[in-house]
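The report that follows describes how the parts of this structure are arranged. Please consult the sequence and the 3D view while reading.

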Amino acid sequence: MQPDNDLAEKTILVTGASGGIGLEVARMLAEGGARVVAAVRDPQRGAAALASVSEGVEILPLDVSSLASIHTAAQDYHAKHSALDVLVNNAGVAVSGRRRCSVDGHEITWATNVLGPFALTQALLPALHAADAPRVVNVGSSAYGYGKMVWNDLEFECRRFRGGPAYASSKLALLLFTRELARREARLAANCVHPGGIATGIWRELPALVRAILMRILPPPSRGALPVVHVATAPELAHVSGRFFHGMRERDVSAAAKNDAAAAQLWDILAAQCAAQREPAPPHGPAAAAANRTGTEGRCGG
Ligand SMILES: NC(=O)c1ccc[n+]([C@@H]2O[C@H](COP(=O)([O-])OP(=O)(O)OC[C@H]3O[C@@H](n4cnc5c(N)ncnc54)[C@H](OP(=O)(O)O)[C@@H]3O)[C@@H](O)[C@H]2O)c1
């Protein structure tokens with residue numbers, strides 16, 4: 001299926017474009033005529049995965065879980081492009097087992113699914129502002145309904161780490177971030193989309209039998225890409241913002257996901273986490289990350 005409109009003049013950045021849903025999103029958009037910037041953490045693998053796609057794909061090295069990598073990628077982007085029409089924050093992880101940390105010392109689900117999309121969007125705002133009708137598409141999950149904002153322990157430093165609640169809570173936070181972004185940036189169409197249950201690498205840390213069953217019964221990544229491409233390109237959604245799409249349809253969200261005070265509080269926390277990384281002797285860093293790798297040490301905020 002082709003995207004919903006003429007994409008010839010559009011530049012669209014897709015994170016996590018080397019596999020799963022992101023690869024199919026990049027493929028569909030490029031085949032629809034867009035200039036696609038495929039932001040991938042392994043450029044060689046990304047180039048190989050995208051080799052069969054048309055010429056309109058540029059590879060941008062990016063580790064979404066690293067604030068330094070986001071900073072460098074945004075600088076590289078601004079050096080080459082004057083505007084960004086659509087940012088698709090697709091990259092995401094679901095982990096199990098022990099609590100793991102990013103290079104910055106944040107719990108990896110939080111770093112990849114929440115802080116990274118926030119920081120990348122902030123870093124690319126100048127390019128988004130330069131576009132005629134800019135959009136941000138955050139790839140969320142209906143699992144957000146099982147999430148909870150535990151404000152004094154957002155990154156599972158005090159509680160026993162469990163991957164399911166960490167993932168669900170990260171997707172609730174992504175919805176709140178989308179809501180606050182839409183409120184603050186009136187010219188930006190910022191929306192969140194659940195791609196459906198799809199057979200991708202996101203299930204890689206589940207027990208082998210469960211994973212094998214899911215990979216057999218769930219639809220392929222191309223199906224999951226359709227709603228993402230729809231929200232990214234449909235002309236009728238150009239000025240629709242702050243909404244959640246479950247597949248191709250808009251859906252109301254839970255009270256927790258439309259809590260404006262929570263959305264504002266989360267924004268301040270994420271902004272502070274980005275700022276802390278820029279300051280000398282940050283509380284997070286490789287040393288703190290190493291200390292946190294065992295799971296429960298670290299900050300326990302009240
Ligand atoms: N599949 C589903 O049923 C489902 C349902 C609801 C929501 N989603 C969401 O859909 C999005 C795409 O996931 P998927 O299902 O396509 O899973 P996937 O096959 O595991 O793909 C995830 C993509 O994210 C990339 N990624 C992970 N961590 C990254 C990092 N630190 N920096 C840069 N890229 C990173 C991966 O790159 P590497 O190849 O380098 O690991 C991969 O390209 C995620 O946000 C996920 O939460 C999926």
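## Helices α3 and α4

In this predicted model, helix α3 (residues 67-80) and helix α4 (residues 108-129) pack at an angle of about 20 degrees. Angles under 35 degrees count as roughly parallel, and α3 and α4 are therefore roughly parallel to each other. Their axes are 9 Å apart, and the crossing of α3 with α4 is right-handed.

On the α3 side, the residues that meet α4 are Leu67, Ile70, His71, Ala74, Tyr77 and His78. Their counterparts in α4 are Gly116, Ala119, Leu120, Ala123, Leu124, Pro126 and Ala127. By class, this contact of α3 with α4 comprises 10 nonpolar and 3 polar residues, with no charged ones.

## The sheet

The model contains an open sheet of 8 strands, with mixed pairing. The strand order is β3-β2-β1-β4-β5-β6-β7-β8. Strands β3 (57-61) and β8 (249-251) are at the edges and have a single partner strand each, so one side of each lacks a neighbour in the sheet. On average, and with direction ignored, neighbouring strands are turned by 25 degrees against each other.

Within the sheet, strand β4 (residues 86-89) and strand β5 (residues 135-139) run parallel and are joined by 4 bridges. Leu87 has Val136 of β5 as its bridge partner.

## Helices on the sheet

Helix α7 packs on the sheet and touches β1 (11-15), β4, β5, β6 and β7. The direction of α7 makes about 160 degrees with that of β5. Helix α5 (residues 163-184) lies across β5, β6 (189-194) and β7 (244-246).

## Helices α5 and α8

Helix α5 also packs with helix α8 (residues 260-278), at an angle of about 95 degrees and with the axes 8 Å apart. This angle makes α5 roughly perpendicular to α8. The contact involves Ala173, Leu176, Phe177, Arg179 and Glu180 of α5, together with Ala262, Ala263, Ala264, Leu266 and Trp267 of α8. In this contact of α5 with α8, 8 residues are nonpolar, 2 are charged and none is polar.

## Helices α1 and α7

Helix α1 (residues 20-31) and helix α7 (residues 221-233) have axes that come within 8 Å and cross at roughly 60 degrees. The two helices, α1 and α7, are therefore oblique to each other. Their crossing is right-handed.

From α1, the contact draws on Gly20, Ile21, Leu23, Glu24, Val25, Met28 and Leu29. From α7, the residues are Pro221, Ser222, Gly224, Ala225, Val228 and Val229. Sorted by class, the contact of α1 with α7 has 9 nonpolar, 3 polar and 1 charged residues.

## Surroundings of the ligand

The ligand is surrounded by 28 residues, of which the closest are Gly16, Gly20, Gly92, Thr200 and Gly201. Helix α1 gives the most to this shell, contributing 3 residues. Gly20, one of the closest residues to the ligand, also takes part in the contact of α1 with α7.

The composition of the shell by class is 9 nonpolar, 16 polar and 3 charged residues.

Terms used. Residues are numbered from 1 along each chain as its sequence is written. This is a predicted model: local features need pLDDT of at least 70, side-chain atom pairs count only at pLDDT 80 or more; totals for chains, interfaces and linings use all residues. A residue is near a molecule or strand if its C-beta atom, placed from the backbone, lies within 6 Å of it. Ala, Val, Leu, Ile, Met, Phe, Trp, Tyr, Cys and Pro count as nonpolar, Asp, Glu, Lys and Arg as charged, and the others, Gly among them, as polar. Axes are lines fitted to C-alpha atoms, for helices over the stretch in contact, and angles run from 0 to 180 degrees between N-to-C directions. Angles under 35 degrees count as roughly parallel, over 145 as roughly antiparallel, 65 to 115 as roughly perpendicular and the rest as oblique. A crossing is left-handed if the near helix is turned anticlockwise from the far one by less than a right angle, and right-handed if clockwise. Two residues are in contact if their C-beta atoms, placed from the backbone, lie within 7 Å. Two strands pair if DSSP finds at least two bridges between them.
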